[in-house]
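The following note sets out several points on the model shown below. Each point may be read against the coordinates.

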Amino acid sequence: MNVTRRGFLKFSGITAAGTFAGGLSLLEGCAKETAKLHGTKEITGICPFCSMGCGLILSVRAGRIVNIEGDPENPINNGVLCPKGSALIQTLNPESGRARSGNKVKYRKAGAKVWEEISIDEAVGKIAKRIAETRNATFIEKENDTVVNRTDGIALLAGDGLFNEEYYLMSKFARILGISYIDNEARLSSYSSFYSLKSTLGFGAMTNQWTDIRNSDIIMIAGSNPAENNPVLFRHIQAARDRGAQLICVDPRITRSSALADHYIAIRPGTDIAFINGIIHYALQNGKYHKDYLLKYTNAAVLINRDFQFNEGIFSGYNEDEKKYDNITWSYQIDAKGMPKRDKSLKDANTVFQLLKKHMVRYTPAKVSEITGCPADVFVRAAEIFTRSYKPDIAASIICSGGSEQHTTGTQVFRAFAILQLLMGNIGIAGGGINSISKGFNLRGAIDNGFSWDLLPGFLNIPSSERDGNFNLYISNHTPKTNDPMSINMLGTDGAKKEKGNTGKFIVSLLKAWFGPSAQEKNDYCYDWLPKRSGSYFYNDIFNAVAEQRVKGLFLLNTDPLASLPGYNNNINLLKDLDWIVSYNTGEDLTSRFWEEMGAEADKINTEVFLLPAASVLEKEGSATNSSRWVQWCNSAVPTERNRLSLLNLADMLYHEIAGLYRNDTGKFPDAILNCNWKYGKDNIRGNVSAALIAGEISGYLSKGKQSVKSFFDLRDDGTTACGNWVYSGCYVNGINKMERRDLSSRSGEDAGLFSGWAWSWPLNMRILYNMASVDTKGSPWNSKRAVIKWDGKKWDGDITGGNWMPGSKYPFFMNEEGFARLFDMNMSDGPIPEYYEPAESHFYNGISRIRVNPLITDIQEEDLDDRIAELPLVASICSFGEYQPWGINGRNLPWLKELMPVMFCEISPSLAGEKDIISGDKVVIKSKRGSLQCTALVSERIYPLRINNRAVEPIIIIKGDGKFNPINTLANDFRDPISSAPEIKAFIAGIEKSSNRVREDI
C-alpha cells in the first residue's frame, strides 16, 4: 500500500500540525485523533500571501475554518508554510481588520465626516448610476475620424488578491464600458521583467518552475531575499546546495539569504546592470559561452544595420528634444529572401556577437568595482563561478525579484540577465532560466488575463487609435511575420507554410467569447466595440489624470494606491478632486478613508466613497497562477460571510444594474453593454456566479454546441470558436478542471522532476519554456542526466514542446518573429543592449559614460552633486521582510505577524551610527526630497559603507513594518523605468538624524 506522509500521520491518529504542536502523541503511539481536528472536513487551497503558490489544507467544522496547514502533497511547499501562511487563519478573525468594515457597505456622502452603513443592493444601485453618469459625461466615440469608444473618466485599478476568473471578468466589464484606465499593481514592479523577457525570449514570464531550482548547479540571487521573504523557495535552493550547488548572493546588505550563500557580493543599490554586464564581459573575453547554442538558437550571428552606432551612453537615433529613439538603425540586414543575414563565423564587426563584445569591453573588473563598490577580486570570483555554467552539464539559475525591477533601468536589468543566461545556454534547460518571484499572490494572473491598460487577455495588444483604426489594420499590425521556414510563431506565421498567422484566430475567438452571436464577420466581430487607447494609462499615472481633471471616478479592487505609490503627501491631496471612489476590500484602506486625514476640512470634500466588504480568498473559488505559471484551483473553504461579496458576484450585479440603466435610457454607446455575452449566474440568479463557467469561457469552446476546445491549436478566425484567453486554452475541457489535478507522477521521458500532472501550466501545460533549446538539432539533450525533452525517433518525450516538429526543423523561441532569442533587441525603446546609467537620484556621475541617467527619463532636474552629498548623503533603499506584508489590509493587521514585526525600522552601519550618535532602538528621522518620517534604528554590521570612486558611501535600508502602516512611500521618488513605469524605490538619496523623541524600542 502506498502511504503518503500525511496519510501516515492521519493513520497514526494525528496531523502534521499535531506533530509541531507538541509531537508527544506521535511518540506515545498516536492512538487518538486530536480534538482540534475531530470531525473536520479537509479542503485544499492556495496560500494568498505571495506568488509561490504554496498548497494549503483547510480543516472546516460547522462552516468554520479551525485549522490551516501546508499541503504535504503539493510539490512546491511539501507541507511547510512561511510565517504569513501560518498566520492565514487570522484573516477571518476580527483582529485582521475585517470587523472594521462592519460586514456591510460603508458609505460616505459628499461632505460627511463619518461613515454610514447601507445595504449592498442600495450600494450597487448608487454605484451603477455613478458609473453611467461619469461614462456618459466623458465618453469619446471618435478621435480624428477613428472610432475609439472610450472613456477616460473612470479608472479601474486592481491589487494582487484576486483569482484569474475575477481579473478576466473585470477586464471584460471594463472594456465593454470603454474604460481605458485599467491596470494592476504589477505595474509597480513585475512589468519590468515582463516587457524585457517578452521582447528577448517571447513570453514575459518566468522560464522555469520553483521545483526545478533543485536541478541547479549554480544559483545567483540578485535583487531578492528568499530566505526571509520566501522561505519556501529557499528550501528548493537548499536542496540544490545539498547536492553541491554553489550559491551566489548579490545584495547591498547581508541578509539571511546572503548569510547562507557560498559567495556574497555587496553592491551599491541601483548598480545591477554594471555588475551583470561585467560578468557578460568576463564571459566574452574568456571564451566562456556556449557557442553551438548561440549560433543555433540566438541572433548572435545576425548582421545589424551598418549605420548602427553607440557613443558615450547614447545609441544612434536619439532625439534629445523628445527624449526618445528612432530605432531604424537598430534593424537587421535582410537578404533577398527577406530573412536576416548571418555570419556564422561571428567575425563580422556588424554581427550581434561582435557588437555585444564591443559594447561590454568597458565593463572591466576595475570599472565594475568603481561603480558598484564591490572589490574587483570578489567580483572576478563570482564571475568565474557563474560562467562555469557555459558547459552543457552545468546549469545555473538566476533568482530575482523587485530589487532588480524597481529601477529606472529595471527592464534593462532583466535584459542583462537574459543575455547572460543565453550566453551560458541556460534558457530552456532544467535548473536554468530567469526566475522572478513577485510580491503578489496572483499578479501573474492579472497580467495574463488582460487587467492592463495595454493588453487584452493572452497578451493581445489593446487597439491603438493611431495605428489600429480598423480590424484589418489591427490584424496586420499585430501579426508577427517571418520568411524563415525554421521560424514558428504562436501569434504569427509559420515561415514554412505562409499562413495568415494566429493573431486573427485569437482576437476573433476573444471577441466571440465577449459578444457571442453579435460578433459576426460582417461587423468585424464587434472589433469597434473595444476601446482604443490614446497614449498610456499606467497605474501610477492615475493621480496625474486626477490632477488634470480627466479621471472623475476611481474603482479599486483589493488595492490601495495611497499605500502603494510614491508621493503620499501629494496623492492624498488630489483625491478630493474625485467625484466618487469605490473600494472593494476586506477592510478599510488608506485610499477609501483619505478624507478622515483632512480633519476639520473633511466637510469641504465632496468625494462620495463606497467601501464594499470583500470576501477573502478562503471564502470563494477560482484559480490562481503562481510566478512559475502553474495555474492551481482554490476551493471555497467556508461559505461567504453574510453581506460579503465575491468579486464575480459584484461584477454580475453591477453589470445587470448598468445594463438596465442603458436599456431604459439613451446613454452613450450602449451597444457593447447590451449585447455582451454575459450569462454566468447559476440558475440565472443575479449575483450567483459560477467560477467554473468563467474558467470554461477562458479555456475556450466551439461557438455552436459549446463543446470545449482542447488547446489554442483548435481556435479559428471564422467565428466558430470562442476563447477568453488563448494562453490558458485547454485548462478546462468538457467539465474537466485540469487546474485542480493532484497527480504527482511524471510524463514519459521526464528526468527533471517537472510534476506535469500537478495542476496545469500555461501554455499547453508546458513546464519549462523554450525547452526545445535544451536539445541539439538532432533532438539529443545537451545534458542527458537532466533531460527536459528528447526525441525518440518519432516523437518528443518529456515536457510539452508546443508542436511535434522534427529536431532541427524549428527554432525554439516560438513567440519571436525570428524564432530565436535576442541578444540584441531592436524593440527595447531605451536601447538594444543594456547600458549602465546612474539611478535618477544619485551622488555620482556615470563611471561608464558621459550620460548620467537613462536618457529617456523626461523629468530629471540636474543638480550640483556636491549639494546632494551635503544635504542627503545616504544611498537609500526600501525593503520588506517575510514576517510582514505591509501592502495588503490583512497582512498588516494580523496579530501574529505584527508581533513578529512590531515596528518599522531602518538598518544602518556602526560607522554611520557613531557619526550620528545613534544606538539600536533610538528613534530617528529619515528625510528625502519628498518628505520625512520617523522610525526605529537598528545598528548592524550586516550593512557597511562601500567605496565608490575612492569615497565611502553609507547605504541605509528602510524596512517596512508596523501594523498601523507608516507611509514609507512618503520618502520614495517617482522616477520611473521608461518602458515598464516601475518606480525607482530601490535607490534614492536620503539623510538621517537622531529624533528629538527620546522614546526607544527594543528590536
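Does N558 count as buried or exposed, and at what relative accessibility? N558 counts as buried, at 19% relative accessibility; buried means under 20% relative accessible area, exposed over 50% and partly exposed in between, with a 1.4 Å probe and protein chains only.

1. Basis of the note. This is a predicted model, in which local features need pLDDT of at least 70 and side-chain atom pairs count only at pLDDT 80 or more, while totals for chains, interfaces and linings use all residues. Residues are numbered from 1 along each chain as its sequence is written, and side-chain values use heavy atoms, with hydrogens and water left out.

2. Overall form. The protein chain comprises 29 helices and 37 strands; helices (H or I, at least four residues) and strands (E, at least two) are DSSP runs, numbered from the N terminus. Its radius of gyration is 27 Å, close to the 30 Å that the globule rule gives for 1003 residues, so the chain is as compact as a globular protein of that length. The radius is taken over C-alpha atoms, and the rule is 2.2 Å times the number of residues to the power 0.38. Along the principal axes, the C-alpha atoms fill a box of roughly 75 × 75 × 70 Å. Of the 1003 residues, 66% count as buried.

3. Most residues other than glycine have a negative phi, and most peptide bonds are trans. N558, although not a glycine, has a positive phi of about 55°; its place is in the loop between β18 (553-557) and α22 (561-564). F755 also has a positive phi, near 55°, and lies in the loop between β26 (736-737) and β27. F755 is partly exposed, with a relative accessible area of 23%.

4. A cis peptide bond. The bond from W762 to P763 is cis, with omega near -10°. P763 belongs to the loop between β27 (760-761) and β28 (789-791).

5. Aromatic pairs. The structure holds 47 aromatic pairs. Rings of Phe, Tyr and Trp (its six-membered ring) pair if their centres lie within 6.5 Å; planes under 30 degrees apart count as stacked, over 60 as edge-to-face and the rest as tilted. One of these pairs is Y167 with F451, whose ring centres are 5.9 Å apart and whose planes stand at 65°, so the pair is edge-to-face. This pair links distant parts of the chain, 284 residues apart: Y167 is in helix α6 (residues 164-177), and F451 is in the loop between α18 (443-448) and α19 (471-477). Both Y167 and F451 are buried. In another pair, F310 and F315 have ring centres 4.7 Å apart and planes at 50°, so the pair is tilted. F310 is partly exposed, with a relative accessible area of 24%, whereas F315 counts as buried at 2% relative accessibility.

6. Charges over rings. A charge sits over a ring if NZ of Lys or CZ of Arg is within 6 Å of the ring centre and within 35 degrees of the ring normal. The charged end of R342 sits over the ring of F820, 5.0 Å from its centre. The charged end of K620 is placed over the ring of F163, 5.7 Å from the ring centre.

7. R150, in strand β7 (residues 146-158), is buried at 2% relative accessibility. Its C-alpha atom is separated by 9.9 Å from that of Y181, 31 residues apart along the chain. D160 is in the loop between β7 and α6 and is buried, with a relative accessible area of 8%. D160 and L443 are 283 residues apart in sequence, yet 5.1 Å apart in space, C-alpha to C-alpha.

8. The second largest pocket. Its volume is about 580 Å³. A pocket is found on a 1 Å grid over the protein atoms alone, as an open set of points where a 1.4 Å probe fits, with protein on both sides within 12 Å along at least five of seven lines; lining residues have an atom within 4 Å of a point. Of the 25 lining residues, the closest to the centre of this pocket are N677, E697, Y701, K706 and A722. The elements that give two or more residues to the lining are α20 (503-515) and α26 (691-699), and α26 gives the most, with four.

Technical notes. Points joined across faces, edges and corners; volume = space filled by probe spheres on them.
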